[in-house]
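Thank you all for making the time this morning.

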Amino acid sequence: MQKQTQCWRVKESKEGKSLRDHPGIQKAAAMIREGRLVAFPTETVYGLGADATSGEAVTSIFQAKGRPSDNPLIVHIAGADQLDELVSEVPSTGKQLIRRFWPGPLTVILRHRGTVAPPVTAGLDTLGVRVPSHPVALALLREAQRPVAAPSANRSGKPSPTQAEHVWYDLSGRIDALLDGGPTGVGVESTVVDVTREVPVLLRPGGVTLDMIRETVGEIRVDPGIRREGRAPRSPGMKYRHYAPRGELWVVGGSGKDQMQKVQALADQARREGRKVGILTTDEHREAYRAEWVFSCGRRSEPETVARGLYGCLRRFDEVGAEWIVAEAFPPTGVFFSVMNRLMKAAEGQVLSSGEERKA
């Protein structure tokens, strides 16, 4: 059934008025309490929120997105003081991470009390929880007075939305409301860390880097599911094709001139085969390439800009109708580790080293 999606532009007031008093926030919060679907900005990407305690409301998230039901959801809360309602305990490593990174782009996995609707956890005894730092998200959460389950506000498998326009394109008519808070800042989803183990485990890289986590808690393991498919997902983004444009995407490894030559050679091969080709690169290399479309997602020398621009570029390739996309790989360190995780998912493992040939 088609919904009438309402949209409100929400900005922080220069007069210092509380965002909670904004009519859009109040109406959207009321919708959350009524079990309806509201898309809203976070500092990472736009989320699609519903009351996490309502099974019917949470099920409607999966339906709107076309999301597999065995893919757990992250619950957003307004502050760490609400954790006691949701989880049985917070280990010391979790407390350390929460003190440093909340509010912010970090999700911690904890053992839940069973107070959220079963579809949120996909049958697991653990729950992902975070406190976003975006002022619009915090105002909504405080006004709704509910824990809000919220995956990214896009059709399942597609690039996550970093602007309200992306949400509208994917979900208009499928959701009840959209809060437009402008472009998001981080550009990739939150980092997910399981702190229920003796040694914390990274389940998804994101806005908080691996080095930042190590600085805080010392030892941390990287879950092999980040690189390998086919297991029950313990975190969103660990299973199924994600973040992908419609065109076939290949990622080319290496660095410098060798990498650039391979990118161009792969693009040229696809063009000879009659495909409409795009190249995904950075500002430093954009002028060196030839293809129907050459898009830069940021500056290689400023990794945060690449993370911020990645999903927008992948969506632009859809807009222009690119059939074949060749992307430069990045060194898997810092924020680039998160960028490469998303590119690998989008390419479904179609990655070439600089000296490797694509098989026809």
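This is a predicted model: local features need pLDDT of at least 70, side-chain atom pairs count only at pLDDT 80 or more; totals for chains, interfaces and linings use all residues.

Ala-52 sits in the loop that runs between S3 and H2, where helices (H or I, at least four residues) and strands (E, at least two) are DSSP runs numbered from the N terminus. With a relative accessibility of 0%, Ala-52 counts as buried, the terms here being buried for under 20% relative accessible area, exposed for over 50%, and partly exposed in between, with a 1.4 Å probe and protein chains only. Setting aside neighbours within four places in sequence, Ala-52 is in contact, meaning heavy atoms within 4.5 Å, with Val-58, Val-75, Val-116, Ala-117, Val-120, Pro-147, Val-148 and Ala-149.

Residues are numbered from 1 along each chain as its sequence is written, and side-chain values use heavy atoms, with hydrogens and water left out. The average pLDDT, which is the predictor's confidence in each residue from 0 to 100, is 93 for the chain, and 92% of the residues score at least 70. Over residues 229-233, however, pLDDT stays under 50, and the model has 14 contacts beyond four places in sequence for that stretch.

Turning to the interior, a nonpolar core is a set of buried Ala, Val, Leu, Ile, Met, Phe, Trp, Tyr and Cys residues joined through side-chain atoms within 4.5 Å. The largest one has 49 residues, and Leu-48, Leu-83, Trp-102 and Val-120 have the most contacts inside it. Among the elements that each supply at least two residues of this core are strand S3 (46-51), helix H2 (55-65), helix H3 (92-101) and helix H7 (210-217), and the largest share, 5 residues, comes from H2. A second, separate core has 29 residues, including Ala-244, Tyr-311, Leu-314 and Leu-343.

What joins Trp-102 to Pro-103? The model has a cis peptide bond there, with omega at about -10 degrees, and Pro-103 is found in the loop between H3 and S5.

In H7, the buried residues are Leu-210, Ile-213, Thr-216 and Val-217. Seen down the axis of H7, they fall within an arc of 125 degrees, so they line one face of the helix, the arc being that of the directions from the helix axis to the C-beta atoms. The elements covering these buried residues include H3, strand S9 (191-194) and helix H10 (334-347). After H7 comes Gly-218, with a positive phi near 85 degrees.

Ala-122 has a positive phi near 55 degrees, and at 28% relative accessibility it counts as partly exposed. Gln-145 has a positive phi of about 55 degrees and, at 58% relative accessibility, counts as exposed.

Finally, the second largest pocket has among its lining residues Arg-155, Lys-158, His-166, Asp-170, Arg-246 and Glu-319. A pocket here is an open set of points on a 1 Å grid over the protein atoms alone, where a 1.4 Å probe fits, with protein on both sides within 12 Å along at least five of seven lines, and lining residues have an atom within 4 Å of a point. H6 gives the most to this lining, with 4 residues.
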